[in-house]
Amino acid sequence: MNEFSVGFAIYFLVIAVIAAIAYRRTQTDFDYDIGGKSLSAPVAALSAGASDMSGWLLLGLPGAIYLAGLGESWIIIGLLLGAYLNWQFVAPRLRLMSSAYEEEAATLPQFFRLRTGYSGVSLRLVASLVVIVFFTVYTSAGFVASAKLFQSVMGWDYHMAVVCGVVIIMVYTVAGGFLAVSWTDAFQALLMLVALIALPVFVLQTDIPSELSFTFESVSVVGTISLLAWGLGYFGQPHVLARFMALKNPSQMVRAKAIGMSWMLIATVGAIAIGLVGAIAVPDLADPETVFIRVADAFLNPYLAGLLIAAILAAVMSTVDSQLIVASTCIVNDLFQINRRKLFMSRLVVVGVALGAGVIAINENSVVLDVVAYAWAGLGASFGPAVLFSLFWRRTTGPSIVAGMIVGASTTLVWHTLGALFGGVFSDVYEMIPAFCFASIAIAIVALSQPDTEAEKRFRSDDELKASLSGVRAS
């Protein structure tokens, strides 16, 4: 066992303990799906941040800054703005409205059904297919990141590293469900934060500061808008929105927002700093996305480097496990509506999705940030407009949500494919922008052309939600 392995061993021991406790607490399928809606504000906030950021925060983003300098930081501005708007406006209404009907909603498709009163099979089918397709791609990005980590640090063969990552994440997610995922994500968020603060500080204690210069490659107007558009994706990420729905007491949302946004701001600034100092400290890397690993290896004691590098695995696992749980819940509850042995079937589906994503991750030439960008756009454009219209527009109907999801997903797929084939405007403009806009237009057109009195009645006003919140506080 080398020095790096000691840090990894400590990390895995903590994860194993958390998973064991969560396993004992998971008694029903509702516990497994959404933790019985029992998350505290710190756990909800930290787990939302960790599940959102994934391996790209410690691999993809520092790598992009390493190559292009501060010009890539526009993406952070877009993400911070999108996350703030999500916490400020979407989170409180979604938490209350997901509990405002005849049953508790544990998934977005369930919420759409309860909100509109529409029980057509198309709603379940389309939403489930969107989750399966884009979450499988998104999860594969996590396995690529974990494989790069094991390959760089342990010297393992890439394919062996993919298998190891799949097995590790799959085991504890199967065991503990949503609670294991949320608790481990909160721990992993703290570990990521320590690593992102500590590594730049350690490096800046060397001779690097005197040589440090901030590069800034100019970004076109279209490129800047595309980077900012990443923020739109927050409104449609099921693994992030699930944390809002799972918060124990809606009155704690303000505290959760403060914790979540503070964590995100510090973490992203740290990631940018690592990319900048890495460009000076370890120039000419063959794979820029390994800059965090190479800087830690070059400047830190091996044992300490092992602990900090374990933060990359934490970032990967915190997103992948969340995606596996959401995909499993959606497939079992919404696509097939399994009512017998749901807990067992949920765990079985986690295994299936993880294996499917592992197969995609076998391609060792995959770039983490590119894969994440594609999946982020697909989910954001498919679910984002549907969530916003459901929460804030009385006229939203079930068929209009279906239309929006179809248009959002299709536009993402087509635009991405055209960009790969022909380049030009299709590669310059992030697919999130046209997909999100077209999906929103589709929802509005269908809703206006097919009024639904029942759907309008099921809308909840601000006054009704405030009364609901008062009832929660009183209880």
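A quick word on bookkeeping: residues are numbered from 1 along each chain as its sequence is written, and side-chain values use heavy atoms, with hydrogens and water left out. Since the model is predicted, local features need pLDDT of at least 70 and side-chain atom pairs count only at pLDDT 80 or more, while totals for chains, interfaces and linings use all residues.

Searching the whole structure turns up 8 aromatic pairs (rings of Phe, Tyr and Trp, the last by its six-membered ring, with centres within 6.5 Å; planes under 30 degrees apart are stacked, over 60 edge-to-face, the rest tilted). One of them joins Phe111 and Phe112, whose ring centres sit 6.0 Å apart with planes at 50°, so this pair is tilted. Both Phe111 and Phe112 are buried (under 20% relative accessible area, with exposed meaning over 50% and partly exposed in between; 1.4 Å probe, protein chains only).

Tyr234 and Trp376 make another pair, and here the centres are 5.1 Å apart and the planes at 90°, so the geometry is edge-to-face. Tyr234 belongs to the loop between helix H10 (221-228) and helix H11 (238-246), and Trp376 to helix H16 (residues 368-392), so the pair ties together parts 142 residues apart in sequence. Helices are DSSP runs of H or I with at least four residues, numbered from the N terminus. Tyr234 comes out as buried at 3% relative accessibility, and Trp376 likewise at 2%. Together with Trp230 and Tyr430, these two residues form one aromatic cluster.

Leaving aside residues up to four places away in sequence, Leu57 touches Pro62, Met192, Leu196, Trp263, Ala267, Thr268 and Ala271 (heavy atoms within 4.5 Å).

The second largest pocket contains about 400 Å³ of space. A pocket is an open set of points on a 1 Å grid over the protein atoms alone where a 1.4 Å probe fits, with protein on both sides within 12 Å along at least five of seven lines; lining residues have an atom within 4 Å of a point. Of its 17 lining residues, Gln88, Pro92, Arg93, Leu96 and Leu469 are the closest to the centre. H5 gives the largest share of the lining, 6 residues.

How values were computed. Helices (H or I, at least four residues) and strands (E, at least two) are DSSP runs, numbered from the N terminus. Grid points are joined across faces, edges and corners, and a volume is the space filled by probe spheres set on the points.
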